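Trainee: Please take me through the structure shown below, one topic at a time.
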Amino acid sequence: MLDIKFIRENADAVKAAMVNRNADVDVDAVLALDARRREIVGESEVLKAERNKISKSIGKIIQEGGDAEAIKAQVREMGDKISAFDEEMREVEADLRLKLLYIPNMPSATTPVGQTEDDNPVIRSWGEKKELDFEPQMHWDLGEKLGLFDLERGAKLSGSGFPLFTGRGAKLERALIQFMLDLHTEEHGYVEVATPFMCNEQTMTGTGQLPKFAEDMYTVPLDGLYLIPTAEVPVTNMYANEILDKELPILHTAYTPCFRREAGSAGKDTRGLLRVHQFDKVEMVKFTTPETSEEEHEKLTLDAEKVLQKLGLHYRVIELCTGDIGFSASKCYDIELWAPAQDKWLEVSSCSNFKDYQARRAGIRYRDENGKPQFVHTINGSGVALPRLVIAIMENYQNPDGSIDLPAAIQPYMGGLKKLD
RNA sequence: GGAGAGGUGUCUGAGUGGUUUAAGGAGCGCGCUUGGAAAGCGCGUGUACGGGCAACUGUACCGGGGGUUCGAAUCCCCCCCUCUCCGCCA
């Protein structure tokens, strides 16, 4: 969330930013609650100081055998006033906190201003569109024919959007996960973690999924848990409510399945593996100082790109504009793979700098050179998401006979297998 | 799931209603002492919010949340976590 002091001192800038985001936020209501809160704090703390003083004198009077009933009655009256303040304070603070939790992050000064995804500039690209001299097949046709997955049986188990991988398709999932984890831990300096796949409400609030996006998640009501939509949630919140004494930056990578209800996307990209409710992903998360977060964000994006380069896949990097950027992010690059049969770009990674937005929600701090606690900056990105990566491999490396060549980098992880046929 | 024991500051560890302004010890920082160090001695050493240009000052915080009371680390209620034993179990 945003610092209430920042909002207080930069109200116009915050309002302008919310307009650029197409976000409906009542900044003035927040400022009014903040003003009332400070009023109450001032008045009730004076009363509390007075009460503390008199209570102490009552203790003394009683010890000396005196009668304190008159003073007690007087303090009781003060106590009633304090209780009234406390009660209003609870309401005002709860209201203020909730409103703050619904305010998205400030876009970075370098984030391009724009309305929709059509306004997202392309930053760079790597490789070239593969020229196929035959009519390419769709991945869902290739996959069923080669026995890589069985979407019908997956749907039988859980409904559409829950893919069942089979045989070498299942092995390819495992191989890609291992390949990416090895790359990030051995060459990019990340420390691997394996996390819970369900998290509680506080954790979901820390990274910004709650309270606003509750309907996007699967829940376990009996235990008050949510299935994670991304490893960002458990990995970022590892250090929630801590003052870190480790050297920054801290780099973590994790494989997890991700669970998304895709409530707002019904009927969109429904075929094959394009948009599913459960998918595998390798995630990268960084905790940095404010001074290095921009540089670390660029490096993390390159770490994700490296995966695609090693697999020889044509991709482009776009930067999300203010109207399209995620709720908690300040700056964000999307990486998109070219899929020749789909004849379109597929998003496989979203690399975001959250600045101190998540750190403030989750309470993740470090000590600066003066030893004062400061909020860290958090950065994360997919490195990368599996289903669309698999689609791109299948569509780009397919042969006229319907077989699929495996990229050299993944062959060692497939027991030396060179081709799916 | 059942029974019991616990959760206090950076750590250790006291504290069952009122100089606790959380003792004592350790650690850390600064200073004194010393040729230098150790030991010793002195001082300091949390977080958040409010007020103040600042020095500073007020309030809250002893796992979390409520309550009782003039006053709560301490008493009551609910919840969370850790440990031990039993049960079940990959």
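Mentor: Helices here are DSSP runs of H or I with at least four residues, strands are runs of E with at least two, and both are numbered from the N terminus. The model is a predicted one.

Trainee: Where is Asn22 placed?
Mentor: Phi of Asn22 is positive, near 60 degrees, and the residue is not a glycine. Most residues other than glycine have a negative phi. As to its place, Asn22 belongs to the loop between helix 2 (11–20) and helix 3 (27–63).

Trainee: How far apart do the C-alpha centres of domain 1 and domain 2 lie?
Mentor: Chain A is divided into domain 1, residues 4–101, and domain 2, residues 117–420. Contact is made between 6 residues of domain 1 and 10 residues of domain 2. The distance between the C-alpha centres of the two domains is 43 Å.

Trainee: Which strands stand at the edges of the open sheet of 8 strands?
Mentor: The order of this sheet is 1-9-10-11-14-8-7-2, and its pairing is mixed.

Trainee: At about what angle to strand 8 does helix 7 run?
Mentor: Helix 7 comprises residues 167–186. The helix lies across strand 2, strand 7 (250–259), strand 8 and strand 14. Relative to strand 8, helix 7 runs at about 10 degrees.

Trainee: How many residues lie between strand 10 and strand 11 in their hairpin?
Mentor: Strand 10 (331–339) and strand 11 (344–355) are antiparallel partners over 9 bridges. In the turn of the hairpin, Asp343 has a positive phi of about 60 degrees. The number of residues between the two strands is 4.

Trainee: Which residue of strand 14 is the bridge partner of Ser352?
Mentor: Ser352, in strand 11, is also the bridge partner of Cys332. Strand 11 is joined to strand 14 by 3 bridges, and these two strands run antiparallel. On the strand 14 side, the partner of Ser352 is Asn380.

Trainee: In which element is Val384 placed?
Mentor: Most peptide bonds are trans. The bond from Gly383 to Val384 is cis, with omega near 0 degrees. Val384 is placed in strand 14.

Trainee: Where is Pro249 placed?
Mentor: Leu248 and Pro249 are joined by a cis peptide bond, with omega about 0 degrees. Pro249 is found in the loop between strand 6 (242–244) and strand 7.

Trainee: Why is one side of strand 6 and of strand 13 left without a neighbour in the sheet?
Mentor: The open sheet in question has 3 strands in the order 6-12-13, with mixed pairing. Strand 6 and strand 13 (373–375) stand at its edges, so one side of each lacks a neighbour because each has a single partner strand.

Trainee: In strand 12, which residue is the bridge partner of Leu244?
Mentor: Strand 6 pairs with strand 12, residues 364–367, in the parallel sense over 3 bridges. Leu244 is bridged to strand 12 through Tyr366.

Trainee: Which helix gives the largest share of the lining of the second largest pocket?
Mentor: This pocket holds about 360 Å³ of space. Its lining has 23 residues, and those nearest its centre are Ser160, Gly161, Thr270, Gly272 and Arg275. Helix 5 (139–146) and helix 6 (151–158) are the elements that give two or more residues to this lining. The largest share, 4 residues, comes from helix 6.

Trainee: How many charged residues does the lining of the largest cavity have?
Mentor: The largest cavity contains about 30 Å³ of space and is lined by Leu148, Phe149, Phe165, Gly169, Leu172, Val390 and Met394. Helix 7 and helix 12 (386–396) are the elements that give two or more residues to the lining. By class, 6 lining residues are nonpolar and 1 is polar, while the number of charged residues is none.

Technical notes: Residues are numbered from 1 along each chain as its sequence is written. Chains are lettered from A and ligands numbered from 1 in the order in which they are written. This is a predicted model: local features need pLDDT of at least 70, side-chain atom pairs count only at pLDDT 80 or more; totals for chains, interfaces and linings use all residues. Side-chain values use heavy atoms; hydrogens and water are left out. Two strands pair if DSSP finds at least two bridges between them. Contact means heavy atoms within 4.5 Å. Axes are lines fitted to C-alpha atoms, for helices over the stretch in contact, and angles run from 0 to 180 degrees between N-to-C directions. On a 1 Å grid over the protein atoms alone, a cavity is a set of points where a 1.4 Å probe fits but cannot get out, and a pocket is an open set with protein on both sides within 12 Å along at least five of seven lines; lining residues have an atom within 4 Å of a point. Grid points are joined across faces, edges and corners, and a volume is the space filled by probe spheres set on the points. Domain bounds come from an automatic or database domain assignment. Ala, Val, Leu, Ile, Met, Phe, Trp, Tyr, Cys and Pro count as nonpolar, Asp, Glu, Lys and Arg as charged, and the others, Gly among them, as polar.
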